[in-house]
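Visitor: Hi, I'm new to this one. Could you walk me through it?
Guide: Happy to, let's look at it together.

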Amino acid sequence: MQQLPDINALMKIARSPAGQKLLAMLQSGSQQELDAITAEAAAGNMQEAGKKLSGLLKSEEAQKLLKELERQT
């Protein structure tokens, strides 16, 4: 079983300016896609959830925000 990331580290990322922009971008997309990702994750299908999420993160703006978040960690 995969080890879960530290919740405090995740919250720090989510609360950062880049994290907030990325969340807003994801929330402005298709609710149906987000629901499908959430359902996969809740069912423990993390690989499938990751595949679906990566499709949403292919945009140039998303990639820029992800790189910014990577530098923060």
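Visitor: Before we start, what does "contact" mean here?
Guide: Contact means heavy atoms within 4.5 Å. Also keep in mind that this is a predicted model.

Visitor: Good. With that in hand, which residues is Leu 57 in contact with?
Guide: Leaving aside neighbours within four places in sequence, Leu 57 is in contact with Leu 22, Leu 26, Ala 62, Gln 63 and Leu 66.

Visitor: And where is Leu 57 found?
Guide: Leu 57 is in the loop between α4 and α5.

Visitor: Is Leu 57 buried or exposed?
Guide: Leu 57 has a relative accessible area of 13%. Buried means under 20%, so Leu 57 is buried.

Visitor: How many residues apart in sequence are Leu 57 and Leu 22?
Guide: They are 35 residues apart in sequence, and in space their C-alpha atoms are 9.0 Å apart.

Visitor: Let's switch to helices. At what angle do α2 and α5 pack?
Guide: Helix α2 covers residues 17–27 and helix α5 covers residues 60–72; they pack at about 150 degrees, with axes 9 Å apart. Angles over 145 degrees count as roughly antiparallel, and α2 and α5 are therefore roughly antiparallel to each other. The crossing of α2 and α5 is left-handed.

Visitor: Which residues make the contact?
Guide: From α2 there are Ala 18, Gly 19, Lys 21, Leu 22 and Met 25, and from α5 there are Glu 61, Ala 62, Leu 65, Leu 66, Glu 68, Leu 69 and Gln 72. The residues of this contact between α2 and α5 divide into 7 nonpolar, 2 polar and 3 charged.

Visitor: What about α1 and α2, how do their axes cross?
Guide: The axes of α1 and α2 come within 4 Å and cross at roughly 75 degrees. That makes α1 roughly perpendicular to α2. Ile 13, Ala 14 and Arg 15 of α1 make the contact with Pro 17, Gly 19, Gln 20 and Leu 23 of α2. By type, the residues of the contact of α1 with α2 are 4 nonpolar, 2 polar and 1 charged.

Visitor: And at what angle do α3 and α4 cross?
Guide: Roughly 155 degrees, with the axes of α3 and α4 coming within 7 Å. The two helices, α3 and α4, are therefore roughly antiparallel, and their crossing is left-handed.

Visitor: Which residues meet there, in α3 and α4?
Guide: In α3 they are Glu 33, Leu 34, Ala 36, Ile 37, Glu 40 and Ala 41; in α4 they are Met 46, Glu 48, Ala 49, Lys 52, Leu 53 and Leu 56. The contact of α3 with α4 has 8 nonpolar residues, no polar ones and 4 charged.

Visitor: I'd like to zoom in on Ala 49. Is Ala 49 buried or exposed?
Guide: At 6% relative accessibility, Ala 49 counts as buried. Not counting residues up to four places away in sequence, Ala 49 touches Ile 37, Glu 40 and Ala 41.

Visitor: Where does Asn 45 lie?
Guide: Asn 45 lies in the loop between α3 and α4. Asn 45 has 37% relative accessibility, so it counts as partly exposed.

Visitor: Last one: what is the mean pLDDT of the protein chain?
Guide: The mean is 88, and 93% of the residues reach 70 or more.

Conventions:
Residues are numbered from 1 along each chain as its sequence is written. This is a predicted model: local features need pLDDT of at least 70, side-chain atom pairs count only at pLDDT 80 or more; totals for chains, interfaces and linings use all residues. Side-chain values use heavy atoms; hydrogens and water are left out. Axes are lines fitted to C-alpha atoms, for helices over the stretch in contact, and angles run from 0 to 180 degrees between N-to-C directions. Angles under 35 degrees count as roughly parallel, over 145 as roughly antiparallel, 65 to 115 as roughly perpendicular and the rest as oblique. A crossing is left-handed if the near helix is turned anticlockwise from the far one by less than a right angle, and right-handed if clockwise. Ala, Val, Leu, Ile, Met, Phe, Trp, Tyr, Cys and Pro count as nonpolar, Asp, Glu, Lys and Arg as charged, and the others, Gly among them, as polar. pLDDT is the predictor's confidence in each residue, from 0 to 100. Buried means under 20% relative accessible area, exposed over 50%, partly exposed in between (1.4 Å probe, protein chains only).
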